[in-house]
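Hi,

Here's the structure I promised to hand over.

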Amino acid sequence: PDLHPQVDSLLAKLETGLPNGQVPAGIFGNPHVYQHELRQVFGRCWVFLAHESEVAANGDYVVRKIGEDNFIVSRDERGALHVLFDACRHRGVQVCRADSGNTSHFRCPYHGWTYSTDGSLVGAPLWRNAFGGMDKAKNGLVPAAQVSTYLGLIFATLDPSAPPLQEYLGGMSWYLDLLFGLDADGLEVLGAPQRFVVDANWKSGADNFSGDDYHLGTLHRSVWEIGAFPVPFRENMMGYHIQAAPGHSLSFSMAPDENEPGPKFFGFPEGLAASFDTSRISEHQLSIARRSRVFVGNVFPNFSILALPMTEDGSHFPPTGIITIRTWQPKGPGQIEIWNWFLGYKRMTPEQKDRAYRAGLGTFSVGGAFEMDDTEPWITVGRTGRSVAAELLDFQLNYEMGMPGIGISTRVADWPGPGVAYWTRYEEGVQRNLYRYYTAMMRARAGEWPDVPLE
Ligand code: FES
Ligand code: FE
């Protein structure tokens, strides 16, 4: 197809470099690459929009984004979910002017066309006189091409040819079950999502949450020093890196067996973990959840998940399990808006929810100890990516860790879950999986879905 020459050249470098662990820095800053991503990645893949608990009641809505475009996620009067392009059919004006709420109708501020929460046009001023009673059914808000949910997570895609969500998630759903299906009663959002803007490329967030555990001992060293995280660095590097499905990767820090001392079940209190109704998941899944200390992962392209024991203040409070989910919302090649939600299990007591929320706010939030560490280096990744020097010097980034013959990580032969697993987290195959799929999506022709191997 008609690729911009800079995009074509950077993708060609990725295609030849990635099998050798090399990634051209330009993909983190080039504006033509970014424009191509909006169509090929965000315009085609399943994108996370909201948790079902945010639109629990009929008439509830939130406004979210696919790529840079606004969509209304609404629950109509009969309880059905809709994802509607927030643009009036008359002149394209933004119809919904609040971030969230409960309503029976959306009324366009320009001329007053009025839509119901399922998107259908119900009226317009002087409809009969001005438009001769033209067919309203042809003038509703336009829905996303496909909408689907998995364990309370609402996704949509703009591509009618995208595989069903379950197929798109592939083996990743098995791992999502460990958190989102761990208790049959499910989860709910704690508080409103935080949003904050960082001058970084969206792939830096996705890359980090695919399993960049290597940075913990340097970038987050101070967090260990104040006792905010209860597992020593070396021990925390023991665990698995998993390419769950093409594009989707995750990483577990895990106790070697269930009798090992130290936190389990992502750090949730023992009494709470014992009360979970785990009937939804298998014995293998339960055993992994039981041993797990940290779960960090990314669903391609920009939906990340993190569960781990955290404390907002190591000197006063013991760590507790927290769950954050986030999107790396693109706002140009060099900017993201980070959306950050905290989740709790519905069966948690108000005190347990409050504690998990506070521990989350103190660590993974705009003012959190971890978040402030993480975002600063990403800003300079973007600066390198858009630099003239990177272009003229053909600057390549090293993603070799854990490749065959490199380092101490080894592929696990008898892993009980889907995908490809490596033992010890000194490994970057999880990120190479992200970029292999990314490259294939950037090249994919309309209507075609790439078949990308795990390695
Ligand atoms: Fe919405 Fe005219 S643009 S009613
Ligand atoms: Fe970090």
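The chain's secondary structure comes to 15 helices and 21 strands (both are DSSP runs numbered from the N terminus, helices being H or I with at least four residues and strands E with at least two). Keep in mind that this is a predicted model, in which local features need pLDDT of at least 70 and side-chain atom pairs count only at pLDDT 80 or more, while totals for chains, interfaces and linings use all residues. Residues are numbered from 1 along each chain as its sequence is written, with chains lettered from A and ligands numbered from 1 in the order in which they are written.

The C-alpha trace spans about 75 × 55 × 40 Å along its principal axes.

Now the sheets, where two strands count as paired if DSSP finds at least two bridges between them. One open sheet has three strands in the order β2-β11-β10, with antiparallel pairing. β2 (47-51) and β10 (146-150) are at the edges with a single partner strand each, so one side of each has no neighbour in the sheet. From one strand to the next, the twist averages 30 degrees (axes are lines fitted to C-alpha atoms, for helices over the stretch in contact, and angles run from 0 to 180 degrees between N-to-C directions). β2 is joined to β11 (residues 153-157) by four bridges, and Ala50 has Ile154 in β11 as its bridge partner.

Another open sheet, also antiparallel, has four strands ordered β5-β4-β3-β6. Its edge strands, β5 (81-85) and β6 (100-102), each pair on one side only, and the twist averages 25 degrees from one strand to the next. Five bridges connect β4 (residues 69-75) with β5, and Val73 sits opposite Val83 in β5.

Last, a helix pair: the axes of α1 (residues 5-17) and α15 (residues 429-443) come within 10 Å and cross at roughly 140 degrees. That makes α1 oblique to α15 (under 35 degrees is roughly parallel, over 145 roughly antiparallel, 65 to 115 roughly perpendicular, and the rest oblique). Leu11, Leu14 and Glu15 in α1 meet Tyr435, Thr439, Met442 and Arg443 in α15 (C-beta atoms, placed from the backbone, within 7 Å).

Cheers

Definitions and conventions:
Contact = placed C-beta atoms within 7 Å.
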